[in-house]
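Please open the structure in your viewer and keep the selection panel at hand.

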Amino acid sequence: MTVAHVHPQQPAGVSTETYATVAVGRTASSGGNRRKRVRRNWSGWWFVGPFMLIFALVFLAPLVYAIYLSLFRETLIGGNSFVGLENYGMAMVDPKFWEAMLRVSIFLLVQVPIMLGLALFAALALDSARLRWVPFYRLSIFLPYAVPGVVAVMIWGYMYGSQFGLVADINRFFGADLPSPLAENFILLSIGNIVTWEFVGYNMLIFFSALKAVPQELYEAAEIDGAGTFRTIFSIKLPSIRGALIIATIFSVIGSFQLFNEPSILQTIAPNSITTYFTPNLYAFNLSFAGSQFNYAAAIAIVSGVITMVVAYLVQLGGEKKEAK
Amino acid sequence: MERNTTRRWARLGAVLGTGALLVGVLAGCSGAAPGADSGSTDTDAALKEDVTLTWWTWSDTTQEQADAISKAYPNVTFDVVKLENPDAVVTKLQNAIKAGKGAPDIVPVEYQTLPQLTLGDALADLAPYGLDEYEDAFTASTWNSVNVQDQLVAMPSDSGPMVMIYNKALYEKAGITEAPTTWDEFAVASAAIHAADPEAYIANSGDAGFFTSMIWASGGQPFKTDGENITIDLQDEGTKKFSDFWGARLEAGELSGLSTWSDEWTKALTQDKLGTLLMGSWMISGMDDYGPAGRFQVAPMPTWDGEPASAENGGSGLAVTSQSENKAAAAGILKYLADGEGRALLNQNGFPSTIADLENPEWLDHPYESYGGQPANQIGAASSASVIPGWQYLPYQGYANNVFSDSVGKALGSGGDLNEALVEWQDTLVQFGNEQGFTVNK
């Protein structure tokens, strides 16, 4: 038998001999032909290494640790035990957690559009070239963002006071009977007001800088075509800053789900209006630091993190879809 | 080759992962790892050697006290770490215990938090160091508070027998010339004050610490702990007596909704809009900030039947942590502070817990300028003697006080049914206790 073994899948046009040689060679090399090994070059790691290390340490490690924690349950009596996904099962049917989620969702649906609407209005106004003292307005709208959140809440907490604060003064001066902003029914509204005040300037700045980047030629072209102010806004300005709008919305969505500072600080002056599970973050915080339920708190944190990610992703998807149209 | 490398990495990963998991599990198991303490209980010998003791505190005066102690014990230096408030100290301590390291040597602990920290093995038993010999020096109620689950877990530092501090002028404006001695009289005064000035209230509705103390003073004992068995009854006779009474004031709109210690609360006190503080005697020396001399007076707590009855509200002891590597030295310092010279140091700030000081005529007759010369300590001392015995806090009182606002606090804020809210609070506490491995109400 001088004829080489014919492979059943021998490609047409390739002689049997050639095919056999190539096939044999391949088999040989995959069997460990050390001569042909390419030395791996590791020097690239020196460049990305520091980043990877810090990334792993600061971002991945806490996340992995939280997931690890969430699979256990440590009780005051009985110690630590592995419970698998039981904490997640508990979270799924925990009315307190879902009440908190519902609350921040309502907050998101009401507060974010108002805040972004105001920010957009301010940015367009500043960009309209019809205002004098633009830097002054820009600075004063942005100023609240520079006030530390804790201080901001203290200021507002004082103004909300219905016996000695600003609300009390208004009531006394006008003979009005405003309800207490710190009462249970109004507290979410009051928090929304604080958050709006704090972050309108920040979002305005994002929009304003995006508007500044719009090429001047577009405006000139629009003017030549006879577009009025509003036509320019809707046909040029808004489409041009769509990216900034989406980013700001995503930030605000995340911010809403992570609502913590404002209710947490207001709790000291209105403890009876803000429950320990007012927002998902506050709930996780109280679970771990007041109830020592670190494991369940970790599960809550991860579930709310996933929900936040999904919603933020949907927002991004929605924005992109519109862009594609 | 490529596949080999991948496999090797995978194997390495698996080994590392398992290792990490094991370390984690081991760390999880060894919640309260004992420090490298020598184990000696000879406190005198320990204080003869050079030692640095870490001392966490929420008080501004601890550094001064530490400096003074260092004069008496030149070998001992202190590293005083001030945290913002008692809750911050507890949280930080619990985290350190959970982490297995980082706890201080000496730490102040509120009486109500002692069971919780004892259960978490955060505190050292001080009896082996000879602190049990000081029992007779302390009042029965404070000594009872620091003895938890058959261990002596702290040395009482101050105490808080309840007194009534009231705004005499505000009461008089409403036609009430004498301090109410019974709760019925208190109710009459309450209605009169709010009627005379619709912006004025006899008191604010209060927080968890106030509520539990008031239940205590009314003879209630809603929390009973026996090892791992807990009974919670927030509808027992004493509890209900108080909640019915307080609920009636709430329904009548006679209680201010301001949160204790808030800015508005301070304003209400200084502007004659808040008539009464029902608080621990430590507040006796703290009224200078709230008005001109003589505006306030101190009176005994009103009672249900005219017989003196009181409770502790606040107050704390000094403890040595289980992680301390200098337990003997730390316990030696607590001994120094238990009586004599050291005790005088401790008593400069706070209402005493030692019988000798409570009976000291000079201290008893000390006239307080803020009360127009009234020797107010006498009232606090009398209250100390009439504290109702047998009260217990839950081994998870911190959690209980935290979730108080979800049920009872909510009712206080919105004028809801207090008894219903108490039952709701109880349900939460029963569920939490059972989840945590206790046997609650079974």
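**A guided tour**

Just after helix α9 of chain B, select G219(B), which takes a positive phi of about 90°. Helices (H or I, at least four residues) and strands (E, at least two) are DSSP runs, numbered from the N terminus. The model is predicted, so local features need pLDDT of at least 70 and side-chain atom pairs count only at pLDDT 80 or more, whereas totals for chains, interfaces and linings use all residues. Residues are numbered from 1 along each chain as its sequence is written, chains are lettered from A and ligands numbered from 1 in the order in which they are written, and side-chain values use heavy atoms, with hydrogens and water left out.

Next, select residues 208-217 of chain B, which form α9(B). Of these 10 residues, 9 are buried, so the helix is largely enclosed by the rest of the structure. Buried means under 20% relative accessible area, exposed over 50%, and partly exposed in between (1.4 Å probe, protein chains only). Among the buried residues are F210(B), F211(B), M214(B) and W216(B).

**Helix α3 of chain B**

Now select residues 62-72 of chain B, where T62(B), Q65(B), A66(B) and I69(B) are buried. They lie on the same side of α3(B) because they cover an arc of only 100° around the axis; the arc is that of the directions from the helix axis to the C-beta atoms. On the other side of α3(B), E64(B) and K71(B) are exposed.

**A sheet in chain B**

Select the three strands of the open sheet, whose order is β12-β7-β13 and whose pairing is antiparallel. Two strands pair if DSSP finds at least two bridges between them. At the edges are β12 (276-280) and β13 (296-299), each pairing on one side only. Strand β7 (residues 162-167) is joined to β13(B) by 4 bridges, and I165(B) has V298(B) as its bridge partner in β13(B). Helix α16 (residues 377-385) of chain B packs on this sheet and touches β7 and β13; contact means heavy atoms within 4.5 Å.

**A loop in chain A**

Finally, move to chain A and select A227(A), in the loop between α9 (216-224) and α10 (229-240). Is this residue buried or partly exposed? A227(A) counts as partly exposed because its relative accessibility is 26%. Leaving aside neighbours within four places in sequence, A227(A) is in contact with A222(A) and T232(A).

Terms used
Axes are lines fitted to C-alpha atoms, for helices over the stretch in contact, and angles run from 0 to 180 degrees between N-to-C directions.
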